[in-house]
Amino acid sequence: MHTGEIIRFYREKSGLTQSQLGEGICTTTHVSKIERGKTAYSDDIISLFSERLGIDIHLEITSFHQVEKQLQLWHNSIIMRRMNLVEQMKSELEKSPFLESSKYGVYYHLLRARYYILHNKDDLSANILDSIQRGSSPLTAYETNLLHHVQGILYIRDNTDENQQKAVQILKKIDMDEYKNEECHYHISIAYHCIGNKVMSYFHAGKSLSYFKKTNNYSGAIKAESLMLLQLSSEMYLEFEDLVERYQNLIQDSDSLGYSDQKGTLLNNLGYEYYNREEYALAKKCFKEALDLAEKGSMPYLRRLCNYTDACIEGNLVHSKLIKKHIQHGLSESKSANSTLFIILFELFSLRMDNKSDGYFSYLENKALPYFFETKNVLLIERFGKVLYEYYVESEEFKKAVQLSNLLMR
């Protein structure tokens, strides 16, 4: 945005015509050429325009020249999750009257989309991306890559296997030579993790870890290393005792730095490791600590409550009355959050605890498993598909067992 555009912006805002602005100062034609950047002008003219418009045009020009630096600082503060600075920069940028109509408008709105993701307002973020994609303004190479990055984050957060696949594809489009934001390796790693590609997830998590360490992003470094640990579990090359020790070190680091979100995630992930080894008491302990760190009603809260309840049931660790209380609480929270996934999981827990075998397997056959297939939730398909298959075999429903087996092998 050049000086003429700033003059035109404030002239139109003041409700003046070009003739009215130039009266006694210069001709209407000269005003038009100044606004279009087609002619030279003196400082005296700018001073007279400033007086007539009630602003300091020179000050506005200087302020606008700082916009790009402010946008970069806002972006970096979002990456670093320095929330005080995030809010400060947002307020400062919102004061710029012509930012949205300038060449930085798209960049600004893309960062607004990232800001809303930071505050778990994914719908608002998606609306901004839709508006940008429908718009006629051409995007710079950097803006195109930032768009891919934000789209990828939204796909990841939608939490279905189909969207994780989309996340991988859109994030792979990013040209790092143009974008130069290595944080995106972290999100690529998450997407690969969600579709079960441990090797690629570990590779990109490692690249993001190097970037976070280089930029002193301690929160990001803890998240990247915890993501690497997820890839090292089960069939990978790390003794379980070593895995647990690394988790505990990261949990301690998160605690000492005050990163409760990261601590909760690490505890939840360690709980999974114990659960998968059928060490349900230790899993329950981790899930409970993670649950206590989650915001009630949030998706992490529902996930951790579900995991905690699951470990209690599998390990027969808590009196049935208390487990049923947890289940009813989980159902209530899931319905409030309108989460079909967790409603189904808590319904399965409820039927199991009520010893309603026929109802449990009927619900699993007709409601739960079809939903898991529809949302392409591989982990739940494998877990509950095996349970239903074994039920079919035991009840001698061999035709259904064969049909389900064929589905599970696709």
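## Basis of the description

Helices are DSSP runs of H or I with at least four residues, strands are runs of E with at least two, and both are numbered from the N terminus. The model is predicted, so local features need pLDDT of at least 70 and side-chain atom pairs count only at pLDDT 80 or more, while totals for chains, interfaces and linings use all residues. Residues are numbered from 1 along each chain as its sequence is written, and side-chain values use heavy atoms, with hydrogens and water left out.

## Arginine 114 in helix 8

Arginine 114 belongs to helix 8, which covers residues 105-118. Its relative accessibility is 8%, and arginine 114 therefore counts as buried. In this scheme buried means under 20% relative accessible area, exposed means over 50%, and partly exposed lies in between, with a 1.4 Å probe and protein chains only.

Contact means heavy atoms within 4.5 Å. When residues up to four places away in sequence are not counted, arginine 114 touches His75, Ile78, Ile79, His149, Val150, Ile153, Asn181, Glu183 and His187.

Histidine 204 is a residue of helix 14, residues 198-214. Histidine 204 counts as buried because its relative accessibility is 10%. Its contacts, residues up to four places away in sequence not being counted, are His185, Tyr186, Ile188, Ser189 and Tyr192.

The loop between helix 14 and helix 15 holds asparagine 216. With 45% relative accessibility, asparagine 216 counts as partly exposed. From C-alpha to C-alpha, asparagine 216 is 23 Å from glutamate 178, and the two are 38 residues apart in sequence.

Alanine 224 is located in helix 15. It is buried, its relative accessible area being 0%. Neighbours within four places in sequence aside, alanine 224 is in contact with Tyr186, Ala205, Ser208, Leu209 and Phe212. A distance of 32 Å separates the C-alpha atoms of alanine 224 and lysine 335, which are 111 residues apart along the chain.

Two packed helices are described by the angle between their axes and the distance between the axes. Axes here are lines fitted to C-alpha atoms, for helices over the stretch in contact, and angles run from 0 to 180 degrees between N-to-C directions. Helix 15 and helix 16 have axes 11 Å apart and pack at an angle of about 160 degrees. The two helices are therefore roughly antiparallel; angles under 35 degrees count as roughly parallel, over 145 as roughly antiparallel, 65 to 115 as roughly perpendicular and the rest as oblique. The contact joins Tyr218, Ile222, Glu225, Ser226, Leu229, Leu230 and Leu232 of helix 15 to Leu243, Arg246, Tyr247, Leu250, Asp253, Ser254 and Leu257 of helix 16. By class these residues comprise 9 nonpolar, 2 polar and 3 charged. Ala, Val, Leu, Ile, Met, Phe, Trp, Tyr, Cys and Pro count as nonpolar, Asp, Glu, Lys and Arg as charged, and the others, Gly among them, as polar.

## Helix 17 and its surroundings

Helix 17, residues 260-276, has 17 residues and reaches 24 Å from its first C-alpha to its last, close to the 24 Å expected at 1.5 Å a residue. The expected span is 1.5 Å times one less than the number of residues. Helix 17 is mostly covered, with 12 of its 17 residues buried. The cover of these buried residues includes helix 15 (218-232), helix 16 (240-257), helix 18 (280-292), helix 19 (299-315) and helix 23 (378-394).

Helix 16 and helix 17 pack at an angle of about 165 degrees, and their axes are 9 Å apart. This pair is therefore also roughly antiparallel. Residues in the contact include Phe240, Leu243 and Val244 of helix 16 and Gln262, Lys263 and Leu266 of helix 17. The contact of helix 16 with helix 17 has 10 nonpolar, 3 polar and 3 charged residues.

## Positive phi values in two loops

Glutamate 278 lies in the loop between helix 17 and helix 18. Although glutamate 278 is not a glycine, its phi is positive, about 60 degrees. Glutamate 278 counts as exposed because its relative accessibility is 58%.

Lysine 180 is placed in the loop between helix 12 (176-179) and helix 13 (184-194). Its phi is near 60 degrees, a positive value in a residue other than glycine. With 63% relative accessibility, lysine 180 counts as exposed.
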